[in-house]
Amino acid sequence: MSLRADYLKYTLHFRFEAGTSRGSLTEKTSYLIRLLDDTDSSVVGYGECGPLKGLSYDDRPDFEAHLQQYCQEFNDLDLQLFNWNVPIVLNQVISPRFPSILFGFETAMLDFLAGGRRLLFESEFTQGHRDIPINGLIWMGNQAFMKEQIEDKLRTGFTTLKLKIGAIDFEQECDLLAMIRDRFSPEQISLRVDANGAFRAEEAMQKLERLAQYQLHSIEQPIGAGQAEQMAELCRHTPVPIALDEELIGQMEYVHKFRLLKKIQPQYIILKPTLLGGLRHCDEWIELAGRLNVGWWITSALESNIGLNAIAQYTAQFKNGLPHGLGTGQLYHNNVDSPLRIEHGQLHFDPTHPWDLTAAF
């Protein structure tokens, strides 16, 4: 056996202009890892490295050069791969400064070891017997655009909506929340908001008190990351449960993860494998959250269906009934075709539907 890794740079194109507090997105670049035995090309493992511009720890101009270097170093090892040595290979070959490359290589290796069928973790989910509850994501934009998205998500059966806020006038955003609450109780529709760190620390509590009247499930990252004292104070007194998101990025050591959660004591954390260094690092966050009585859910980070599939199968292993943020597969008009489908606010895996990677390769 002689394992070889290479990659393909692939640009995903959004179906619409997706607004965030960091600007609007029309396309997303991913790097698809391909892993195979060059003496037998019938088994191919795929993974995805998809750093997010302006957010990922490894969003840097020399990213592709490092990815190329890591592929070469992996190939030079000329190794045999087993489940037990995947963490060793990751630790020895790839720097923790490149979390999305860790995720891409990790999932490519797991896929290869499982026979190259895109079945990394077989479960009732991959058998088509159990779906994953997900939230319906409402992107930022003008009030009319956001209202249109809300109506579409409600019409298609979502019972948890997540609104990105912080881009338009706060009063208009409150009007949208009020519109939903006037029609649906918290028992009927659960509401999450994501501020992406848009609030100033000195105004955050006032805005949280205002948002509390809409009986929200949670708010993600109300203030910018790196303000641990202020975030801890908010979490102690908030009328709306707070979920850490960007705050977790760059925390690659177990002891640092523990100190962060113990200091801030959030109500929830949000796990994005691409941004956090892969599934192994998510395992650590989940273990720590359990020890510290912190809730959690898992969210994709605008990956193609290759990365989303790995994240969804990982998520399905856990008995966590909270809706996850895994509804991003329909964002792109040139995504690879996969067994993943969204049905009535749930992510469904159709085991009879074949993969078609020709859009990318």
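## Rings and their neighbours

Y314 counts as buried because its relative accessibility is 3% (buried means under 20% relative accessible area, exposed over 50%, partly exposed in between, with a 1.4 Å probe and protein chains only). F318, at 23%, is partly exposed.

This is a predicted model, where local features need pLDDT of at least 70, side-chain atom pairs count only at pLDDT 80 or more, and totals for chains, interfaces and linings use all residues. Residues are numbered from 1 along each chain as its sequence is written, and side-chain values use heavy atoms, leaving out hydrogens and water.

Rings of Phe, Tyr and Trp (its six-membered ring) pair if their centres lie within 6.5 Å; planes under 30 degrees apart count as stacked, over 60 as edge-to-face and the rest as tilted. That rule gives 16 aromatic pairs. Here are two of them:

| Pair | Centre distance | Plane angle | Type |
|---|---|---|---|
| F63 and F98 | 6.3 Å | 50 degrees | tilted |
| Y314 and F318 | 5.2 Å | 75 degrees | edge-to-face |

What about burial for F63 and F98? Both are buried. They also belong to one aromatic cluster with Y7, Y31 and Y70.

Charges turn up over rings too (NZ of Lys or CZ of Arg within 6 Å of the ring centre and within 35 degrees of the ring normal). R192 has its charged end over the ring of W297, 3.8 Å from the centre. Over the face of F170 you'll find K207, at 4.8 Å from the ring centre.
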